2 protein chains.
Amino acid sequence: MTAMSGSEGRRRPVTLKEVAARAGVSVSTVSLVANGKKNARIGDAARARVLAAIDELGYRPNALAKNLVHGESRFIGLVTDGIASTPFAGQVVHGAQDEAWSRGYMLLIANSEGNPEAEERAIAMLLEHKVHGILYSTWYHREVVPPAGLSETDTVLVNCFADGGPFAVVPDEVGGGLAAARMLIAAGHRRIAFINTTTESPAKQGRLAGYRHALAEAGIPEDPALIMEAESAQEGGYACVERVVASGATGVCCHNDRVAQGLYDGLKERGLRIPDDVSVVGFDNQEIIAAHLRPGLSTVALPHYELGVAGVRALLDGVPAGAADRLTIECPPVERGSVLTVTA
Amino acid sequence: MTAMSGSEGRRRPVTLKEVAARAGVSVSTVSLVANGKKNARIGDAARARVLAAIDELGYRPNALAKNLVHGESRFIGLVTDGIASTPFAGQVVHGAQDEAWSRGYMLLIANSEGNPEAEERAIAMLLEHKVHGILYSTWYHREVVPPAGLSETDTVLVNCFADGGPFAVVPDEVGGGLAAARMLIAAGHRRIAFINTTTESPAKQGRLAGYRHALAEAGIPEDPALIMEAESAQEGGYACVERVVASGATGVCCHNDRVAQGLYDGLKERGLRIPDDVSVVGFDNQEIIAAHLRPGLSTVALPHYELGVAGVRALLDGVPAGAADRLTIECPPVERGSVLTVTA
DNA sequence: GTGAAAGCGCTAACAC
DNA sequence: GTGTTAGCGCTTTCAC
C-alpha cells in the first residue's frame, strides 16, 4: 500500500529528543552540536557520542520546527501564470531555483495558469506557509496588476511590471532590438527589414525602438517600407516573405525565432538562400528552433534564467532605497549562421 | 530596503492568540471556527466575533505550525534532473503541481540538473522539510539508480524506472510506436520507413517494437531496408533523406519531432512534397515544432503532464499491494496534416 | 560544559 | 458552548 517497494519501512522520523536519549545528553546539547554552533563549549566525549547517535539513528532535523521557532521559513514562493505554455517559464523556475537553492532556500511553486482565482488561492497558500517572499512571474513580458495578497509579503515581479507596484525584473527589450539590428549592420547590411508582431507589448515597442536606435547610430535612414507587422508565429513570418522580398532588404530582424522560422520556410520555397540571399536575425533564442534551423539562426537571447536569478536576489538582498523600480536584464546576441557579411 | 515598494509595511504575522484576544474568546474557540470544524458547537455570537476579528486582523493560519502538530506536512517534493534542458520537464512539473494543488498539497521543487551531489543535497533538504513523499523525475524516459536518500520516504519514479526500485510511472513507448505506425497504415501506406535513434533507450526499443507490431497486425512484411538509425535531432532526420527516398517508402515514422523536422527540410530541398510525395509521422508532440511545420506534423504525444499527475496520484493514494511495479501512460496520436491517405 | 525550561503557533483532549 | 492545558520538534536564555 506504500509507493516505495524496496528498502526498510519508513517510520516516524527520529527526533532530537531521541538522539539525546541515545547519546545520554540533553536536547540542548544535541541541538548545539547538530547545528555546529561555533561558540558552544561541548566536551569532546559528549560531542562524539552525539555525532554517533545522530549517525546511528539517521537523524534529520525537522526544518518545519526550526522555522517555527525562528518565526520565518526558508521558503520562497514562485507564482507563474503558465509553466505549461512555454519552455520559457521553465527557465525562470530554473534560475530562481538555482539561486534560492544556493542560499539555502527552497522554492515553493504555484502555477495559476492565468486563472485569477487560482492565483489568489495560490498566494494565500504561500502566505500561510510563511514564505520569505514571493516571485510573481509571467511567461511573456507585460504589465500586470499584482494580486492583492502580494502586499502581505515581500514581492518581486519577474518578467512583468506594474506601475507603482513591487520591484520588477524585466528583459531589456530595447537593448535586445539594438543588438539584433547591430548584428546585421556590423555585417555590412544597410537595407534591414523589421518584422514586428501585431500584439501590443513591451517587446513590440522595445525591440522596434532598439532597431531604430541601431539604424540611427549607423546613420542609416529609416524606411517605412521595411517595417512590417505579422502574427508572432511561424505563420506570420511565412506570410511576410513577399513583402520582404519586395522591399529589397538584404537582412531581416524578426520579432522572434518562430517568425524567423516561418520566414526561412517561405524564403526557401521561393528558392532564396539564407544567408546568401537574405540574412535573418531572430529573437528569443528558443533553442529548439534557433539552434536547429539550417543555417543556425543568429538571434538575441531572452534571459529567462537570469530573470529568475535576479528575482531571487532582489527578494533576498532587498533593493537599495532610492533605486529604480525596475531592473532590466540584458538580452545578449547569439551568433549562428544566418547572417552573411556583405562587403560594399 | 524592502522589495515591495507600495502598501502597508509588513509586520509580524497575526497569530491565533491575537485573534482570540481581540474576539474575547480562547484560542481553541478560534481554532475551531477558523478550521470550520463541523461538530464544534460554537455560539453564534462567539463565532461572529471570531470571524470579525479574523477579518479585521487579516489573520492567516500558520501552516508550518499546523504541520508540526500533525507530524506531517502537505508538501510533495519533486526532484528533476533537468527542468532547464527541455520544455518537457515543465509539463511534468505542471501536471504534478495541478494534481498536488487540487488535493491541498504544495510542490517543493528541487532541480539537480543531473548532478548527483546536488541531488543528494536536494533530497536531504526535502526530507528535512518532512515532505509527504518525493517524485523523482527525469527529462527523458530511462532507467535510473535512485539516490539512497529516497528510501527514507515514499517515492514514485516519474518518466524513469529502476529494477526492484520504487513504483514508476512511464510513457507507453510501445503503444506510442504502434499508434504512430497505425496512422500511416490506416491511411493506406504499406511501405513505411522507420527512422530510429542511435542511442539505446526505452524509447528506441519500445517505439520500434510498436512499429513492428503494427506492421504485423496489418500483415505487412518487415523490410530491413526501411529501418534506419540517425541522430535524434533535426540533423539526423536531414541526413536520412537519401536513404528514405531510396527505400521507396511512402510513409516515414520518425523517432521524434525533431528528426521529422530535419526530414521535412531535406525532403523539401529535394523538391518532394509532404504529404503528397511522402507522409511523415513524428513522436513527442513538441508543440513548437509539430504544430508549426508546414504541413502540421502528425505525431504521437508524450504524456508529460499526465506523468506528473499520475505520479502525485500514486504517491498520495498509494499503489495497491500486488500491483505491477510500473504504470504506463498512453501516448496518444495527434493528427495534423502530414499524412496523405493513399488509395490502392 | 551541560541541562532545565520557556516558548514558537497551533491542535486536540479534557475540563467545566 | 467555551476555556485550559499539554504537547508537536526545535532553539535559546539562563542556571548550575
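Through which surface do the copies, chain A and chain B, meet? In this predicted model, 100% of the interface residues of chain A are also interface residues in chain B, so the copies meet through the same surface.

**Stop 1: the two chains**

Begin by selecting chain A and chain B as whole chains. Chain A is superposed on chain B by a rotation of 180°, with 0.1 Å of shift along the axis and an RMSD of 0.1 Å. The two copies are therefore related as by a two-fold rotation axis.

**Stop 2: the interface**

Next, display the contacts between the chains: 64 residues of chain A are in contact with 64 residues of chain B. On the side of chain A that touches chain B, at least two residues each come from H4, H5, E2, helix H6 (116-128), strand E4 (155-161), helix H11 (257-269), helix H12 (287-290) and helix H13 (304-317) of chain A. The most is given by H5(A), with seven residues. Colouring this side of chain A by residue class shows 30 nonpolar, 22 polar and twelve charged residues.

**Stop 3: the sheet**

Now select the strands of the open sheet, which has twelve strands with mixed pairing. Their order is E11(A)-E5(A)-E4(A)-E3(A)-E1(A)-E2(A)-E2(B)-E1(B)-E3(B)-E4(B)-E5(B)-E11(B). At the edges are strand E11 (326-329) of chain A and strand E11 (326-329) of chain B, each of which pairs on one side only. From one strand to the next, the twist averages 25°.

Where the order passes from one chain to the other, select E2(A) and strand E2 (residues 106-111) of chain B, which pair in the antiparallel sense over three bridges. A:Leu107 has B:Ile109 as its bridge partner in E2(B).

Within chain A, strand E1 (residues 75-80) and strand E2 (residues 106-111) run parallel and are joined by six bridges. Here A:Leu107, in E2(A), is the bridge partner of A:Ile76.

**Stop 4: the domains of chain A**

Colour chain A by its domain assignment: domain 1 (6-61), domain 2 (75-171 + 305-329) and domain 3 (173-302). The centres of domain 2 and domain 3 of chain A, taken over C-alpha atoms, are separated by 31 Å. Where these two domains touch, five residues of domain 2 of chain A are in contact with seven residues of domain 3 of chain A. Helix H5 (87-102) and strand E3 (133-143) of chain A each supply at least two residues of the domain 2 side. By class, that side has three nonpolar residues, one polar and one charged.

**Stop 5: DNA strand C**

Select DNA strand C, which is surrounded by 26 residues. Which residues are the closest to DNA strand C? They are A:Ser28, A:Gly43, B:Leu16, B:Ser31 and B:Asn62.

**Stop 6: DNA strand D**

Finish with DNA strand D, which has 27 residues around it. A:Leu16, A:Ser28, A:Asn62, B:Ser28 and B:Gly43 come nearest. Two or more residues of the surface near DNA strand D come from each of helix H2 (27-34) and helix H4 (63-70) of chain A, and helix H2 (27-34), helix H3 (44-57) and helix H4 (63-70) of chain B. H2(A) gives the most to this surface, with five residues. The surface near DNA strand D has 15 nonpolar, ten polar and two charged residues.

Terms used:
Residues numbered from 1 in each chain as written. Chains lettered and ligands numbered in written order. Predicted model: local features only at pLDDT ≥ 70, side-chain atom pairs only at ≥ 80, totals over all residues. Near = placed C-beta within 6 Å. Helix = DSSP H or I, 4+ residues; strand = E, 2+ residues; numbered from the N terminus. Nonpolar A, V, L, I, M, F, W, Y, C, P; charged D, E, K, R; others polar. Domains from an automatic or database assignment. Least-squares fit on C-alpha atoms with pLDDT ≥ 70 in both. Pairing = 2+ DSSP bridges. Axes fitted to C-alpha atoms, helices over the stretch in contact; angles between N-to-C directions.
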